[in-house]
Amino acid sequence: MAEENSAVAQPTSVEDLKRKMKVEGTVKRVELYGAFVDIGTGTPAILHVSQLGDKGNRVADAVKVGESVNVWIDKVDTEKNQVMVTLVEPLAVEWGDLSEGAEFTGKVTRLE
């Protein structure tokens, strides 16, 4: 499943976007609360400060205007024509994907 996340999609409209999709974009504006990223859909995607991952806790330290970035689609609201993106690569399997009897192949990295 990790291979699916490595391919960069080139959407042309908000309707083409799916959660966890990896897209390439260009940072258009940086604010204290986040950045606006052009991902080619005509609607700037919002990269919130909480979605910077290990790039720091200040938007200006993580991304620069004009910089090309790979981001993942976090949320899409087609009614409001709003897109939220993240610099944090999504998990291949999330808690909601698990069900009794389901089998997944992977590597145990820690126990809690």
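A salt bridge is a side-chain nitrogen of Lys or Arg within 4 Å of a carboxyl oxygen of Asp or Glu. The model is predicted: local features need pLDDT of at least 70, side-chain atom pairs count only at pLDDT 80 or more, and totals for chains, interfaces and linings use all residues. Residues are numbered from 1 along each chain as its sequence is written, and side-chain values use heavy atoms, with hydrogens and water left out.

**Exercise 1.** State how many salt bridges the structure holds, and examine the pair Glu112 and Arg110.

Step 1. The structure holds six salt bridges. Step 2. In one of them, Glu112 meets Arg110 with an N to O distance of 2.5 Å. Step 3. Exposed means over 50% relative accessible area, buried under 20%, and partly exposed in between (1.4 Å probe, protein chains only). Glu112 is exposed because its relative accessible area is 83%; Arg110 is exposed because its value is 63%. Step 4. Elsewhere, salt bridges with shared partners join Arg19, Lys20, Asp74 and Glu94 into one network.

**Exercise 2.** Determine which parts of the chain are linked by the salt bridges of Glu94 with Arg19 and with Lys20.

Step 1. Arg19 and Glu94 form a salt bridge at 3.1 Å, N to O. This pair links distant parts of the chain, 75 residues apart: Arg19 is in the loop between α1 (2-6) and β1 (22-30), Glu94 in the segment after β5. Helices (H or I, at least four residues) and strands (E, at least two) are DSSP runs, numbered from the N terminus. Step 2. Between Glu94 and Lys20 the closest N and O atoms are 3.5 Å apart. Lys20 lies in the loop between α1 and β1 and Glu94 in the segment after β5, so this pair ties together parts 74 residues apart in sequence. Step 3. Glu94 is partly exposed because its relative accessible area is 25%.

**Exercise 3.** Describe the strand order of the barrel and the pairing of β3 with β5.

Step 1. Five strands form a closed barrel in the order β1-β2-β3-β5-β4, with mixed pairing. Two strands pair if DSSP finds at least two bridges between them. Step 2. Neighbouring strands of this sheet are turned by 50 degrees against each other on average, direction ignored. Step 3. Strand β3 (residues 45-48) pairs with β5 in the parallel sense over two bridges. Leu47 stands opposite Val85 in β5.

Conventions: Axes fitted to C-alpha atoms, helices over the stretch in contact; angles between N-to-C directions.
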